[in-house]
Amino acid sequence: LDTMKQGFVSHISHQLRTPLAAIRSASGLLLEGIAAGSEEKRRELLGIIREESERLIQEVNRILDISRMEAGMMEYRFGSGELPPLVQKVVLKLAPIAFRKGVDLELMPLPELPSVAMDEERVAQVLDNLIGNALKFTPRGGKVTVRAECEEGNGCVKVSVSDTGRGIPRESL
């Protein structure tokens with residue numbers, strides 16, 4: 001448990017450090033007047049600050065969610081919803097990351113799926129994490145594939161994310 005906590009703290013520290021460094025650099029450039037003559041450059045720097053601030057908020061929310069889960073206090077808001085638009089939205093959101101990394105992000109054609117009982121925000125969060133990790137660990141020229149299907153016999157809907165990255169070591173599964 002202590003080893004897992006150490007790894008978690010290390011991971012979170014890394015996840016927080018990157019957006020903080022970007023915010024510090026962009027705000028420093030603004031304060032130094034680097035973008036004083038260019039409205040376009042100023043807006044670009046402010047956009048970076050805004051995006052990285054959002055990343056920080058998301059990471060802090062993930063930490064809080066983990067704490068809530070460990071305490072058995074996680075709240076879910078289940079409702080009937082359609083999975084295909086949610087999957088498409090997450091894939092579209094992460095497509096620019098795939099493009100920048102030179103990774104092919106493919107969403108397989110989504111079949112007709114029944115409405116499902118789900119907490120859309122949590123399902124989107126899980127998809128974001130799975131696809132984000134697949135992109136993170138897939139090298140340039142690799143491929144991440146997202147598909148959804150209705151499992152025969154049990155009426156469950158399954159969404160899967162596969163990639164051509166190095167995979168997760170057996171001991172970490």
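How many salt bridges does the count come to in this structure? Hi everyone, the count comes to 7, where a salt bridge is a side-chain nitrogen of Lys or Arg within 4 Å of a carboxyl oxygen of Asp or Glu.

A quick word on the ground rules before we look around. This is a predicted model, so local features need pLDDT of at least 70 and side-chain atom pairs count only at pLDDT 80 or more, while totals for chains, interfaces and linings use all residues. Residues are numbered from 1 along each chain as its sequence is written, and side-chain values use heavy atoms, with hydrogens and water left out.

Let me take you through some of those salt bridges. In one of them, the side chains of glutamate 52 and arginine 55 meet at 3.1 Å, N to O. These two are 3 residues apart in helix α2, so about one helical turn separates them. Helices, by the way, are DSSP runs of H or I with at least four residues, strands are runs of E with at least two, and both are numbered from the N terminus. Glutamate 52 is buried, at 12% relative accessible area, whereas arginine 55 is partly exposed at 35%. For those words, buried is under 20% relative accessible area, exposed is over 50%, and partly exposed lies in between, using a 1.4 Å probe and protein chains only.

Next, please find aspartate 128 and lysine 93, whose side chains form a salt bridge at 3.3 Å, N to O. This pair links distant parts of the chain, with aspartate 128 in helix α4 (residues 120-136) and lysine 93 in helix α3, 35 residues apart. Aspartate 128 is buried at 12% relative accessibility, and lysine 93 is partly exposed at 47%.

There is also a salt bridge between arginine 77 and glutamate 75, at 3.8 Å, N to O. Both of those residues are exposed.

Staying with helix α3 (residues 83-101), that is where leucine 86 sits. Is leucine 86 buried or exposed? It is buried, with a relative accessible area of 9%. Leaving aside neighbours within four places in sequence, leucine 86 is in contact, meaning heavy atoms within 4.5 Å, with Met118, Glu120, Val123 and Ala124. The C-alpha atoms of leucine 86 and valine 123 are separated by 8.4 Å, although the two residues are 37 apart along the chain.

Now for the surface. Phe8, Val9, Ile66, Met69, Tyr76 and Phe78 form a nonpolar patch with about 590 Å² of accessible area together. Elements giving two or more residues to the patch are α1 (2-31) and α2 (39-70). Patches are built from residues with over 30% relative accessible area and no salt bridge, joining like charges within 9 Å and nonpolar side chains (Val, Leu, Ile, Met, Phe, Trp, Tyr) within 5 Å. The areas come from the Shrake-Rupley method with a 1.4 Å probe, and for residues only the protein chains shown count as cover. Phenylalanine 78 lies in the loop between α2 and β1 (79-81), and counts as exposed at 58% relative accessibility.

Last stop, the cysteines. How many disulfides does a search of the whole structure find? The search finds 0, with a disulfide taken as a pair of cysteine sulfur atoms within 2.5 Å. The cysteine sulfur closest to that of cysteine 150 belongs to cysteine 156, and at 8.0 Å it is too far for a bond. Cysteine 150 is partly exposed at 36%, and cysteine 156 is partly exposed at 38%.
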